[in-house]
Amino acid sequence: MSGSPDLVALVDCGGANIASLRFALQRLGVEARFTRDAAEIESADKVFLPGVGAAGSGMAKLRIPHMGWNQVLGCGESKLLNGIPSGAWFYFVHSYAAPPGAHCVAETEHGAGFASVVEKSNFFGVQFHPERSGANGQRLLMNFLAA
């Protein structure tokens, strides 16, 4: 991938989604460094912190089982969603969600509205699985790598 970052770190936090994210990045021509080393993570140009699948009792108050395709509705300026229209479809698998807040740039509706994309400065987060979201997910990953 032309213009890709020098070092992309994929944090080894013992969670799920690591293989599918790594393969999605490889399809984009990016070889991510799988690491737990704090110095390596800190020196990386881009860092992916994959979902862990569970966050303990704190998430019990936010349970909304959601599995499948759903729309992401843009509600603010977004580097991640550049070139992706509001209403684009992404693949979700999650059991908790956060309400839209100050840094929410896109929402999704599933029983109630929740933040599906958040951005603040050079910190980005998504509730869905971009590596399993076809062309929209690939574009989002490319946008992140270029941000």
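## Surroundings of S116

Leaving aside neighbours within four places in sequence, S116 contacts V72, F92, A106, E107, T108, G125, V126, Q127 and F128 in this predicted model. S116 belongs to strand β7, which covers residues 112-120. Its relative accessible area is 2%; S116 therefore counts as buried, since the cut-off is under 20%.

S121 is found in the loop between β7 and β8, the latter strand comprising residues 123-126. With a relative accessibility of 59%, S121 is classed as exposed, because the threshold is over 50%.

The backbone of S121 has a positive phi of about 55°, although S121 is not a glycine. Most residues other than glycine have a negative phi.

## Helix α3

Helix α3 consists of 13 residues, 134-146. At 1.5 Å a residue, α3 should span 18 Å, and the 19 Å between its end C-alpha atoms agrees with this expectation.

The buried residues of α3 are G137, L140, L141, N143, F144 and L145. Among the elements that cover them are β1 (8-11), α1 (18-27), β3 (46-48), β5 (88-96) and β8.

## Helix α1

In helix α1, the residues I18, S20, L21, A24 and L25 are buried. The cover over these residues includes β1, β2 (33-35), β3 and α3.

After α1 comes G29, which has a positive phi near 80°.

Note on methods
Residues are numbered from 1 along each chain as its sequence is written. This is a predicted model: local features need pLDDT of at least 70, side-chain atom pairs count only at pLDDT 80 or more; totals for chains, interfaces and linings use all residues. Side-chain values use heavy atoms; hydrogens and water are left out. Helices (H or I, at least four residues) and strands (E, at least two) are DSSP runs, numbered from the N terminus. Buried means under 20% relative accessible area, exposed over 50%, partly exposed in between (1.4 Å probe, protein chains only). Contact means heavy atoms within 4.5 Å. The expected span of a helix is 1.5 Å times one less than its number of residues.
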